[in-house]
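Hi,

Here is the structure I promised to pass on to you. Have a look at it first, and then read my notes below.

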Amino acid sequence: MPRLLIPIESAAAETRVAASPETLKKFIVLGCSVAVERGAGVSSGFLDEAYASAGADLVAPGDAQTWGQADVLLCVQSPSPTSLARLRRGALVVGMLSPYGNHELSEAMKACGLSAMALELLPRISRAQAADVLSSQANIAGYKAVLLGAAALDRYFPMLMTAAGTVQPARVVVLGAGVAGLQAVATARRLGAVVYVSDIRPAVKEQVESLGARFIDPPEMEDKPAESGGYAKQASDAFLAAQRQQLSDQLAQADVAICTAQVPGRRAPRLISEDMLDRMRPGSVVVDLAVAQGGNCADTVPSQTVNRKGVKLIGANELPCSVPNHASSLYARNLLALLQPTLQDGQLTLDTEDELIAGCLIAHDGSIRRGDVLTPGGTN
């Protein structure tokens, strides 16, 4: 019987938890026993009593014996190397482990003889959709980014016809039409804004327009980037320069800009320059979801709002944590969808030939399988 452990998340400002009472019940039906550290779900609205009623064993946080008995550790972010060292050799760690160039994680896996699945590396294939944590969390980020922008803006979002006159709708520019960007478009449209979208991939135009937004056609260049494996590919410097020039006029008219352009494992492309910010009107707002990767916008700071010549720059790097109940519920379902096929007849079996498993299994029993990602300077 596989023993699952749900720890209290140790990362600063992390409010999510890796299992809900709903998914915990389903793991038990699959033949698992589950231990939950006391208080693990409180920040997400899941009390210890709810886990206990679902069939979990409540344990003290950091209890060495409990960690040593666990077969699978379900986490949101990776625990510290000290915590990982409590696990028995051969245990499996599943979570968003920030694998790109993560030498410390690689060394911990080797030293402790652990297996690990980094959910950021899950292949973007059709049967992986139910397990796609990046999409479930990006949806929340795109939604919350618009709410932050609307709250900070000095104008209404919708058009209003009042006795005092007509108020024109806000103009929102969304940079990047991935999952977060499309959710931002949908949310801004629901609030009544006029929305324009810029993306380096012409193929997303139909999706953008289906949501009622207007697509800003990318510059006509021979080296237009597309996407690979469901992720945006890195654009050339020349293309990005041409796109920035095109964006400048759009941003000069914008009330809110939502920046969502990210490339896994690489620095985020700088799309809004100092000169472009100088053209934005005082009172406008930029929400930068890529701030943790260097930022799409100049001068943004993680977890801070900077007032730059009257333009508010919001460094929005932890938005899923601001909606922890739904973020945790969706994340927990993603983990269940990923692991359910590996749990058969009360046994946990990892099929390393399976495309879904192989893509995100960065280590197996202490052997590093994705050195191309974990090694600093490796190919990401």
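Strand S4 (residues 72-77) and strand S5 (residues 92-96) run parallel and are joined by four bridges. Within that pair, Val72 stands opposite Leu92 of S5. Strands and helices here are DSSP runs numbered from the N terminus, with at least two residues (E) for a strand and at least four (H or I) for a helix. Two strands pair if DSSP finds at least two bridges between them.

Before going further, a word on where this comes from: it is a predicted model, in which local features need pLDDT of at least 70 and side-chain atom pairs count only at pLDDT 80 or more, while totals for chains, interfaces and linings use all residues. Residues are numbered from 1 along each chain as its sequence is written, and side-chain values use heavy atoms, with hydrogens and water left out.

**The eight-stranded sheet**

S4 and S5 belong to an open sheet of eight strands, in the order S3-S2-S1-S4-S5-S6-S20-S21, with mixed pairing. At its edges are strand S3 (57-59) and strand S21 (367-368), each of which pairs on one side only. As background, strands of a sheet pair through backbone hydrogen bonds, either parallel or antiparallel.

**The seven-stranded sheet**

There is also an open sheet of seven strands, ordered S11-S10-S9-S14-S15-S17-S16, and its pairing is mixed too. Strand S11 (214-216) and strand S16 (305-308) are the edge strands, each pairing on one side only. On average, neighbouring strands in this sheet are turned by 20° against each other, direction ignored. (Axes are lines fitted to C-alpha atoms, for helices over the stretch in contact, and angles run from 0 to 180 degrees between N-to-C directions.)

Which helix packs on this sheet? It is H6, which touches strand S14 (256-259), strand S15 (285-288) and strand S17 (311-315), and its direction makes about 155° with that of S15. Touching, or contact, means heavy atoms within 4.5 Å. H6 (residues 133-152) has 20 residues and reaches 28 Å from its first C-alpha to its last, close to the 28 Å expected at 1.5 Å a residue; that expected span is 1.5 Å times one less than the number of residues. At the start of H6, a side-chain oxygen of Asp132 comes to within 3.3 Å of the backbone nitrogen of Leu134.

Val172 has Val195 as its bridge partner in S10. Ser198 also lies in S10 (residues 194-198). Is Ser198 buried or exposed? Ser198 counts as buried because its relative accessibility is 3%. (Buried means under 20% relative accessible area, exposed over 50%, and partly exposed in between, with a 1.4 Å probe and protein chains only.) Beyond its neighbours within four places in sequence, Ser198 contacts Val174, Leu175, Gly176, Ile216, Gln243 and Leu247.

**The cores**

The largest nonpolar core has 62 residues, and Leu74, Val94 and Met117 have the most contacts inside it. Apart from it lies another core, of 31 residues, including Val172 and Leu289. A nonpolar core is a set of buried Ala, Val, Leu, Ile, Met, Phe, Trp, Tyr and Cys residues joined through side-chain atoms within 4.5 Å. Leaving out neighbours within four places in sequence, the contacts of Val94 include Leu74, Met117 and Leu335.

**Two loop residues worth a look**

Ser98 sits in the loop between S5 and helix H5 (103-112). Its phi is positive, about 50°, although Ser98 is not a glycine. With 46% relative accessibility, Ser98 counts as partly exposed.

Asp345 is in the loop between strand S18 (343-344) and strand S19 (347-348). Asp345 isn't a glycine either, yet its phi is near 55°. Asp345 is exposed because its relative accessible area is 77%.

**One last residue**

Thr66 lies in helix H3 (residues 64-69) and is buried, with a relative accessible area of 10%. Not counting residues up to four places away in sequence, Thr66 touches Leu5, Ala35 and Val59. From Thr66 to Pro158 is 92 residues in sequence and 53 Å in space, C-alpha to C-alpha.

Cheers

Notes: A polar contact is a pair of N or O atoms within 3.5 Å; within protein, one must be able to donate a hydrogen and the other to accept it, and residues adjacent in sequence count only if both atoms are side-chain atoms.
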